[in-house]
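Hi,

Here is the structure I promised to pass on. Please open it first, then read my notes below.

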Amino acid sequence: SNLPSPVEQEQAKAKPLPDLNAEILYEDWDDVPPSSALEEISEEEAVQIIAEPLLPLQSSTLRDYVDHSETLAKLVHLGVDLSQVEKHQKAGQLLLTLDFEKDIKKILLFLKDVGVEDNQLGTFLTKNPYILAEDLEALETRVAYLKSKKFGKAEIAQMVSRAPYLLLFSVERLDNRLGFFKNELGFSVKKTKDLVIRLPRLLTGKLEPVKENLQVCQIELGFQRNEIQEIVFKTPKILTASSNKLKQTFDYLHNIMGIPHHMLTRFPQVFNSRLLRIKERHMFLTFLGRAQYDPAQPSYISLDQLVSLPDEVFCTEIAKASIQDFEKFLKTL
Amino acid sequence: VRFLPAPGRDCATELVPTMVPVLAEHPLVRGPRFRRLKIGAGHRLDVKASGVFVLGISHGNKLLTDLYNCHLSRAYTVGGLFGKATDDFSDTGKLVEKTTFDHITREKLERVLAVIQGTNHKALLMHSNIDMKTQEAYELAVRGLIRPMGKSPPIITAVRCLQFAPPEFQLEIHCLHETQQYLRKIVHEIGLELKSSAVCTQVRRTRDGVFTLDDALLRSQWNLQNIRSAIWSCQLKVQAEIERTL
């Protein structure tokens, strides 16, 4: 246990050196020479020297700075996941340069004002740390703009917590996007607002995939404009889904299962679910001879039940078979 | 880690390294502890085929090489269709020719299968490099343990016709060192032997060495508990098989 002391001695002697230099200036030549770094000191003194490693000047994680920065410590206590924040570009640097008392507190109080819950602040800041660098007045103008468009306070709170990047967009950008959705989909103002409240990601995401999906729906899948409107109003997620998957799902539903367009308009949830699930359940029902999707025939099975029920309920109620049979059938595919 | 004075001592001459809870070790700062998983795969399975697929996780990869050296056989269920021939021997390829198949009966099919099994049996004996005239070879043959223990071309050990409903038919094939494309080629050749043509509609592996369909986990069962119980139940079988062969 004597091993730590010599190493710490040499490290610790770096601290007293400035004092010794000052002493040298006031001392004469005849006085006692200053103590050198290799001098032996008593054990008690050695134990009392505390030498900590220096802070790294450059690092790729925020872990090294967390202990020494109050801002980071308070953010961790709030619930911000620093390991994910440091993956964003420049967000880590931003957090280090900000001071908790002056800047961050004002923005946090503002967010609480808007309606974000305390326990959601952590996840919000994890996804969008750049909001801490925004100007408070700009944020307030944007919220005032949303209020002027007659979005209620609770609705604004919901939208902001689900789409953290929303408040980063300027007023003109938000305006453009709302106008875009109104024109493309042909909805009234109230319907567009409803849509945006349910899926605020539409405002923050890219617009090209949305346009592409709309084109695909119209041209390749062959839906009429009013059918597209109905589908999008019921499941706005279809606009952000990948177009390949959409095409594959529609191909299977329409050509192999033989479901006409008007049925798909009534139950657009099928587009949201995984193709594999639909395939498995449909093949099981054909094997049992119960695949009947026409409401006019007896023992009809509605599409949303096909898709949204969990496995056990599906097996017992719709297919009237046990789960073991379903699993054995799946193993024969 | 911090060096603190040893507790309970007056003259504090010792420093003891102790772990002090520090914010840098908080999970939110550190990130998830397990980021990657090393998974190795057993014998290859095609994109168009389905069935039992053996996976090894991190330390299990070493057992995978041992299993490969055991040279165990695999069982497939192959479904085929008479009357068509395509360029890649499966039903999604480009159509090359169409033929009639009314003349095919079950006996003819079984005769062809017996011929295939015979030729493959001879190839099996040749590649297993055992001197046929010894007593040892006779005993191994009686127990059915003659296997090529090195590299060899694909060999079929047993073929059986499960279903025959023209134009569709289903075979069960036990084989060694094969690929799914070879099985599809076999289906095509069966068609040619019967003076018609055939394509392969389905290739499904029902057994891979010691792993059967009952041990296999479905897509909906891919969670931690099921994987752990599957590993636990298969461990004994794998150990027994490796000890028997090596």
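**Salt bridges**

Over all chains, the count comes to nine salt bridges. One of them joins the side chains of Arg184(B) and Asp46(B), at 3.1 Å from N to O. This pair ties together distant parts of the chain, 138 residues apart. Arg184(B) sits in helix 5 (residues 180–193) of chain B. Asp46(B) sits in the loop between strand 3 (39–41) and strand 4 (50–51) of chain B. Asp46(B) is partly exposed, with a relative accessible area of 32%.

Before going on, please note that this is a predicted model.

A second bridge joins the side chains of Glu178(B) and Arg74(B), at 3.4 Å from N to O. It also links distant parts of the chain, 104 residues apart. Glu178(B) is in the loop between strand 10 (168–176) and helix 5 of chain B, and Arg74(B) is in strand 6 of chain B. Glu178(B) is buried, with a relative accessible area of 7%. Arg74(B) counts as buried too, at 3% relative accessibility.

Arg205(B) is buried, with a relative accessible area of 0%. Asp208(B) counts as buried at 6%.

Which residues are linked in a network of salt bridges? They are Arg74(B), Glu178(B), Arg205(B) and Asp208(B).

**Chain B overall**

Chain B has 246 residues, and buried residues make up 35% of them. It holds six helices and twelve strands. Take the contacts in chain B between residues at least 6 apart in sequence: 63% of these join residues at least 24 apart. The accessible surface of chain B comes to about 15,500 Å². Carbon and sulfur atoms account for 57% of that surface.

The UniProt record, an unreviewed entry, places the feature "domain: Pseudouridine synthase II N-terminal" at residues 36–179 of chain B. Over residues 36–179 the chain is 29% helix and 31% strand. The end C-alpha atoms of this stretch are 30 Å apart.

**A nonpolar patch on chain B**

There is a nonpolar surface patch of about 840 Å². Its residues are Leu37(B), Ile39(B), Phe53(B), Leu55(B), Ile57(B), Leu217(B), Trp222(B), Ile227(B) and Ile231(B). Strand 5 (55–57) and helix 6 (224–245) of chain B each supply at least two residues of the patch. Leu217(B) is in a loop, between strand 12 (211–212) and helix 6 of chain B. Is Leu217(B) buried or partly exposed? Leu217(B) is partly exposed, with a relative accessible area of 31%.

**Two residues to look at**

Start with His71(B). It lies in the loop between helix 2 (60–70) and strand 6 (74–82) of chain B. His71(B) is buried because its relative accessible area is 8%, under the 20% cut-off. Leaving out residues up to four places away in sequence, His71(B) touches Arg147(B), Pro148(B), Met149(B), Gly150(B), Leu176(B) and His177(B).

Then go to Arg142(A), in helix 10 (residues 136–148) of chain A. Arg142(A) is buried as well, with a relative accessible area of 9%. What does Arg142(A) touch, not counting residues up to four places away in sequence? The list is Glu134(A), Leu167(A), Leu168(A), Phe169(A), Ser170(A) and Val171(A).

**Confidence in chain A**

The mean pLDDT of chain A is 76. Of its residues, 84% reach 70 or more. Among the elements of chain A, helix 17 (residues 243–256) has the highest mean pLDDT, 85. Helix 1 (residues 4–12) of chain A has the lowest, 47. Over residues 1–18 of chain A the pLDDT is below 50. Beyond near neighbours in sequence, this stretch has 16 contacts in the model. Where pLDDT is low, the predicted coordinates should not be read in detail.

Best wishes

How values were computed: Residues numbered from 1 in each chain as written. Chains lettered and ligands numbered in written order. Predicted model: local features only at pLDDT ≥ 70, side-chain atom pairs only at ≥ 80, totals over all residues. Heavy atoms only, no water. Patch = residues over 30% accessible without salt bridge, like charges linked within 9 Å, V, L, I, M, F, W, Y side chains within 5 Å. Areas by Shrake-Rupley, 256 points an atom, 1.4 Å probe, with all protein chains shown as cover. Salt bridge = Lys/Arg side-chain N within 4 Å of Asp/Glu carboxyl O. Helix = DSSP H or I, 4+ residues; strand = E, 2+ residues; numbered from the N terminus. Buried < 20%, exposed > 50% of the residue type's maximum accessible area, 1.4 Å probe, protein only. Contact = heavy atoms within 4.5 Å. UniProt positions renumbered as here; feature names shortened; annotations may be inferred. pLDDT = per-residue confidence, 0-100.
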